[in-house]
Amino acid sequence: MIELISFDIDGTLEMGDPPGIITLDMVRHARQLGYLIGSCSDRPISVQTRLWDEQQIAVDFTVLKHRLEDVRSQFSATVYYHIGDTHADQYYAQQAGFHFIWAEAEDVRRHGPNFLQSLFQA
Ligand SMILES: [Mg+2]
């Protein structure tokens, strides 16, 4: 079973501006567990790629926020998640048929991928 997680950057990942609650270790762990991972952000693709390169994390995709549908058609997964911190994230996730998760511990606990849910258990 292949699951895919799309991460917004700013306000969602610890390397974002502002930093969010999702640590890069969590992202690395997702990759080790076999999740397809990548970023979906307003930042230009070149910047997204550089940020991942600096962290030495190999990602499967980098897309602009309104192109999340491209990820859906490009990868065959059983579940698609997008984690973000704004209503724009929520809008584009729903348009593309992704489960939307707010970048807040409570929402990750409720709706996130299993491994992330467990990491946010109190
Ligand atoms: Mg954001």
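**Questions about a predicted fold**

Colleague: Which residue with a positive phi follows H1?
Modeller: A residue with phi near 100 degrees comes after H1, where helices (H or I, at least four residues) and strands (E, at least two) are DSSP runs, numbered from the N terminus. Keep in mind that this is a predicted model: local features need pLDDT of at least 70, side-chain atom pairs count only at pLDDT 80 or more, and totals for chains, interfaces and linings use all residues. Residues are numbered from 1 along each chain as its sequence is written. The residue that follows H1 with a positive phi is Gly34.

Colleague: Seen down the axis of H1, within what arc do its buried residues fall?
Modeller: A residue is buried if 20 or more other C-beta atoms, placed from the backbone, lie within 10 Å of its own, exposed if 12 or fewer, and partly exposed in between. In H1, residues 24-32, the buried ones are Met26, Val27 and Ala30. They line one face of the helix, because the arc of directions from the helix axis to their C-beta atoms stays within 100 degrees.

Colleague: And what do the buried residues of H1 pack against?
Modeller: On the other side of H1, Asp25 and Gln32 are exposed. Contact is judged by C-beta atoms, placed from the backbone, lying within 7 Å. The buried residues of H1 pack against strand E1 (3-7), strand E2 (36-41) and helix H6 (114-119).

Colleague: Now the sheet: which strands stand at the edges?
Modeller: Two strands pair if DSSP finds at least two bridges between them. Here 5 strands form an open sheet with parallel pairing, in the order E3-E2-E1-E4-E5. Two of them have a single partner strand each, so one side of each is left without a neighbour in the sheet: E3 (61-64) and E5 (99-102).

Colleague: About what angle does the direction of H2 make with that of E3?
Modeller: E2 and E3 run parallel, joined by 4 bridges, and Cys40 stands opposite Val63 in E3. Helix H2 (residues 45-54) packs on the sheet, touching both E2 and E3. Axes are lines fitted to C-alpha atoms, for helices over the stretch in contact, and angles run from 0 to 180 degrees between N-to-C directions. For H2 and E3 the angle is about 145 degrees.

Colleague: What is the radius of gyration of the protein?
Modeller: The protein has 6 helices and 5 strands. The globule rule, 2.2 Å times the number of residues to the power 0.38, goes with a radius taken over C-alpha atoms. For 122 residues the rule gives 14 Å, and the protein comes close to that, so it is as compact as a globular protein of that length, with a radius of gyration of 13 Å.

How values were computed: Contact = placed C-beta atoms within 7 Å.
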